[in-house]
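Me: I have a structure open and want to learn to read it. Can we go through it one feature at a time?

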Amino acid sequence: MVNCLSWCLLFYLGLQRIWELYRANQNARALASAGAKEYGRAHYPVLVVFHALFFVLMAYFVANGARLGPKGIPWLILFALAQALRFWSIHSLGARWTTRIWILPSTPLVRNSPYRLLRHPIYTAVFLELLCLPMAYGLPALALSVTLINMILLSIRIRAENAALSSQ
């Protein structure tokens, strides 16, 4: 039963990411046609590969016996809260949300909802998700390595995004 739940969770997350890519591409096309400019293109493929590998690794460990246990429940709760932050952030950006960096000139920054509290709430959510999911399965080495790689990638991403926003 627990293994079925694990596969369902991974399937849900995979579908969620596919839906996000679809929506992000729709929004990017609309932003581009409205005159937005894309920034930070070079690092994007690395982010995509990294996130895809994370899912492959999680599936590998689940297939080889990693299970959710009672010690994983707090991590799973924190993971669910990170998911809520992700959805809130995406909803707050609306048609301006993409997985790439698109800047529409003369458009003010979103400063409501989670953006009132955090400068980069989606990146906070991703950080928590990549830490918490492996920890929920009792995979601290995976959690640590993925979190460290993610921190490096996010530092590149945030630098590119901040530079793009300041050039506006």
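Me: How many aromatic pairs does a search of the whole structure find?

Reply: Rings of Phe, Tyr and Trp (its six-membered ring) pair if their centres lie within 6.5 Å. Planes under 30 degrees apart count as stacked, over 60 as edge-to-face and the rest as tilted. Here the search finds 2 aromatic pairs. F54 and F55 have ring centres 5.8 Å apart and planes at 70 degrees, so they are edge-to-face. Y60 and F61 have centres 5.3 Å apart and planes at 75 degrees, so that pair is edge-to-face too. This is a predicted model: local features need pLDDT of at least 70, side-chain atom pairs count only at pLDDT 80 or more, and totals for chains, interfaces and linings use all residues. Residues are numbered from 1 along each chain as its sequence is written, and side-chain values use heavy atoms, with hydrogens and water left out.

Me: Is F54 buried or exposed? And what about the other rings?

Reply: Go by relative accessible area: buried is under 20%, exposed is over 50%, partly exposed is in between (1.4 Å probe, protein chains only). F54 has 5%, so F54 is buried. F55 has 19% and is buried. Y60, at 48%, counts as partly exposed. F61 is partly exposed at 27%.

Me: How do α5 and α6 pack?

Reply: Two packed helices are described by the angle between their axes and the distance between the axes. Axes are lines fitted to C-alpha atoms, for helices over the stretch in contact, and angles run from 0 to 180 degrees between N-to-C directions. α5 and α6 (residues 140-166) pack at about 170 degrees, axes 8 Å apart. Angles over 145 degrees count as roughly antiparallel, so α5 and α6 are roughly antiparallel.

Me: Which residues of α5 meet α6?

Reply: Contact means heavy atoms within 4.5 Å. From α5 come Y123, V126, F127, L130, L131, P134 and M135. Their partners in α6 include L142, V146, M151 and L154. The contact residues divide into 14 nonpolar, 2 polar and 2 charged. Ala, Val, Leu, Ile, Met, Phe, Trp, Tyr, Cys and Pro count as nonpolar, Asp, Glu, Lys and Arg as charged, and the others, Gly among them, as polar.

Key: Helix = DSSP H or I, 4+ residues; strand = E, 2+ residues; numbered from the N terminus. Parallel < 35°, antiparallel > 145°, perpendicular 65-115°, else oblique.
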